[in-house]
Amino acid sequence: MDQLKVTVETSARHVHLSPEHMDILFGEGVRLTEKRALSQPGQFLANERVSIVGGKKRMDNVGIIGPERKASQIEISLTDARSLGVDAPVRESGDIAGSGAIRIEGPCGYVEVSEGVISAKRHIHLTPETAEKYGLTDKQNVTVRVEGPRALIFDEVVVRVSPTFADSMHIDVDEANACCGATVGVVIK
């Protein structure tokens, strides 16, 4: 059986916002507008930007990923977390209970988010067809080898399977720097 080769994409720091927080940050009824589509169907980088403020530092011009979500979530690298002075446990997207706190500032106001800051766990998005073809299941952990001038092996890569996904692997900026921005990974289980 062939090995699964996946496109490896770098996920830079970004924010997902709830409709309630959108109203506070950008004004009542204002909604995100698409700057460009992302690789996952239906997701986009918004034209709108925010600042995030931790105990030690602020970061301006932070991208927002749309569409809006039920709960706001801030995804940063561990380097960002240290720089900002915030806690960012390594978690799967959406697992924000008890995670870090931060202030988000927009052009019309700010919100103090009591939980929602994470460093996203490295993961692979797969369609059910691809997962079945390669014998992979949702929430399974796999190992992925990337080649290049700083070839390395990523362990504990969580597989996420959904008919709404497109096949790709996401790593954060710290991980991308460690492998010189490798763009293809091979699942070696």
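The largest nonpolar core here has 24 residues, and I52, I74, I76, I102 and I104 have the most contacts inside it. Such a core is a set of buried Ala, Val, Leu, Ile, Met, Phe, Trp, Tyr and Cys residues joined through side-chain atoms within 4.5 Å; buried means under 20% relative accessible area, with a 1.4 Å probe and protein chains only. Six elements, α1 (19-26), β4 (44-53), β5 (58-66), α2 (78-84), β8 (100-105) and β9 (110-120), each supply at least two of its residues, and β4 gives the largest share, four. Helices (H or I, at least four residues) and strands (E, at least two) are DSSP runs, numbered from the N terminus.

A word on the source: this is a predicted model, where local features need pLDDT of at least 70, side-chain atom pairs count only at pLDDT 80 or more, and totals for chains, interfaces and linings use all residues. Residues are numbered from 1 along each chain as its sequence is written, and side-chain values use heavy atoms, with hydrogens and water left out.

Take I102: leaving aside neighbours within four places in sequence, its contacts (heavy atoms within 4.5 Å) include I52, I74, L84 and V117. Apart from this core lies another, of 20 residues, among them V144, V146, I171 and C179.

Now for β12 (residues 152-161). Two strands pair if DSSP finds at least two bridges between them.

| Partner of β12 | Sense | Bridges |
|---|---|---|
| β10 (residues 123-126) | parallel | four bridges |
| β11 (residues 141-146) | antiparallel | five bridges |

β11 and β12 make a hairpin with five residues between them, and G148 in the turn has a positive phi of about 135 degrees.

Notes. Buried < 20%, exposed > 50% of the residue type's maximum accessible area, 1.4 Å probe, protein only.
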